[in-house]
Amino acid sequence: MGRFRKSGKKAAPAISTASLPDIVFMLLFFFMISTSFRQTDKLVQVKLPGATENVKLERKDLTSYIYVGSPIPSKQAQYGTDSRIQLNDSYKTINEIRDFVAAERESLQEGDKEQMTIAIKADENVRMGIITDIKQELRRCSALKIMYVARQREAAN
Amino acid sequence: MARKTPDINASSQADIAFLLLVFFLITTTMDVDKGIPRKLPPMPEDQQQQEDIKINRRNIVVVKINSQDRIMVGSTPVDVSQIKDMIVEFLTNPNDDPTKPEKEVKNIQGLGSYPVSKGVVSLQNDKGTLYNTYIQVQNEIVRAINEIRDQFSTQRYGKKYAQLDDAQQKIVKEAIPQNISEAEPKDVKGKK
């Protein structure tokens with residue numbers, strides 16, 4: 001009549017791992033989307049100057065970088081230690097900035113061209129002469145939105 | 001009758017996904033570039049002689065950096081740490097000093113009329129100035145303006161400038177503009 005269950009020896013039910021792949025995939029997609037691969041090899045050494053009033057660079061896809069600094073040690077035999085400008089993957093002169101800006105602007109969508117930002121990543125030990133030249137050249141190609149990239153530092157006082 | 005295809009064992013799917021996950025975890029760099037944004041003035045046309053915008057002398061403070069990285073605000077040599085307070089003092093002009101910038105009462109939407117300072121900070125540097133010094137000075141000037149904005153927004157909204165919403169930030173920006181002019185390049189001679 002009465003049915004009896006064997007009590008006492010109840011084993012804990014195994015946790016279903018069927019949803020584990022889903023969770024992992026979710027994480028995977030998140031990281032896949034947020035990943036940005038570095039497109040350029042650094043040819044100049046850049047130690048960014050520190051600043052406290054930094055603002056985040058908003059649209060990374062609309063930003064082009066200009067690197068300024070002393071060539072990396074393996075290139076110094078060939079290029080010396082004077083500050084150089086790096087655009088994309090090679091050393092460039094001031095006059096080539098114009099083509100670079102034109103090419104970068106061309107690659108953007110029509111509506112975004114106004115928003116194009118040039119981020120200047122310059123070493124803290126370069127002289128302003130070269131930076132001023134870059135700025136003048138940028139003004140000439142009317143790429144007026146710029147940003148001096150800096151690293152965050154604590155306020156001194 | 002078609003033979004039933006056997007179920008594919010999916011237990012290794014998680015492993016594969018993990019492998020990919022680890023790969024992306026390692027390669028991800030989520031550092032966001034930060035820095036000081038600036039808007040360059042447009043280049044004057046070649047033919048057109050650049051006409052100097054007439055700015056009243058009292059409305060302009062010149063910050064000069066020479067090739068030895070010495071800094072001058074107006075006609076006093078200063079240290080980097082002093083710049084901020086001098087700029088704040090200059091731009092706010094609390095005592096309506098006739099040698100400090102004028103204020104122009106402007107009607108700002110959402111705020112009403114507010115005396116907006118006409119002060120301009122002009123930054124001049126030498127070819128030999130270190131970039132680091134230049135950025136430090138820029139940073140101090142921005143810090144001065146941020147301080148004034150913070151002060152204003154705490155008074156008006158009870159919050160720091162950074163915590164305001166976009167509309168309020170726009171109002172504050174209009175009330176306290178960031179007028180920094182980077183002069184045409186010329187060599188600033190160090191005082192002998």
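Visitor: What's the strand order in the open sheet of chain B?
Guide: This is a predicted model. In it, the open sheet of chain B has 5 strands in the order S4-S3-S2-S7-S8, and the pairing is mixed.

Visitor: Which strands sit at the edges?
Guide: Strand S4 (76–78) and strand S8 (180–182) of chain B do, and each of these pairs on one side only. From one strand to the next, the twist averages 25°.

Visitor: S7 and S8 of chain B, then: parallel or antiparallel?
Guide: Parallel, over 3 bridges; strand S7 of chain B covers residues 120–125. As for who faces whom, B:Ser122 stands opposite B:Ser181 in S8(B).

Visitor: Which helix packs on that sheet?
Guide: Helix H2 of chain B, residues 80–92, packs on the sheet. H2(B) touches strand S2 (60–65), strand S3 (71–73), S4 and S7 of chain B, and its direction makes about 15° with that of S3(B).

Visitor: Which residues of H2(B) are buried?
Guide: B:Ile83, B:Ile87, B:Phe90 and B:Leu91.

Visitor: What comes just after H2(B)?
Guide: B:Asn93, which takes a positive phi of about 45°.

Visitor: Zooming out, how many helices and strands are in chain B?
Guide: Chain B has 4 helices and 8 strands. Read from the N terminus, its elements run α-β-β-β-β-α-β-β-β-α-α-β.

Visitor: How much of chain B is buried?
Guide: Of its 192 residues, 22% are buried. On contacts in chain B with a separation of 6 or more, 63% come from residues 24 or more positions apart.

Visitor: New topic. How many residues of chain A are in contact with chain B?
Guide: 46 residues of chain A, in contact with 41 residues of chain B.

Visitor: Which elements of chain A give two or more residues to that side?
Guide: Helix H1 (20–34), strand S3 (55–56), strand S7 (117–122), helix H4 (128–140) and strand S8 (145–149) of chain A.

Visitor: How do the residues on that side divide: nonpolar, polar, charged?
Guide: On the side of chain A that touches chain B, 25 are nonpolar, 12 polar and 9 charged.

Visitor: Which strand of chain B does S3(A) pair with?
Guide: Strand S1 of chain B, residues 34–39, in the antiparallel sense over 2 bridges. There, A:Lys56 stands opposite B:Lys34 in S1(B).

Notes:
Residues numbered from 1 in each chain as written. Chains lettered and ligands numbered in written order. Predicted model: local features only at pLDDT ≥ 70, side-chain atom pairs only at ≥ 80, totals over all residues. Pairing = 2+ DSSP bridges. Axes fitted to C-alpha atoms, helices over the stretch in contact; angles between N-to-C directions. Contact = placed C-beta atoms within 7 Å. Nonpolar A, V, L, I, M, F, W, Y, C, P; charged D, E, K, R; others polar. Buried ≥ 20, exposed ≤ 12 C-beta atoms within 10 Å, placed from the backbone.
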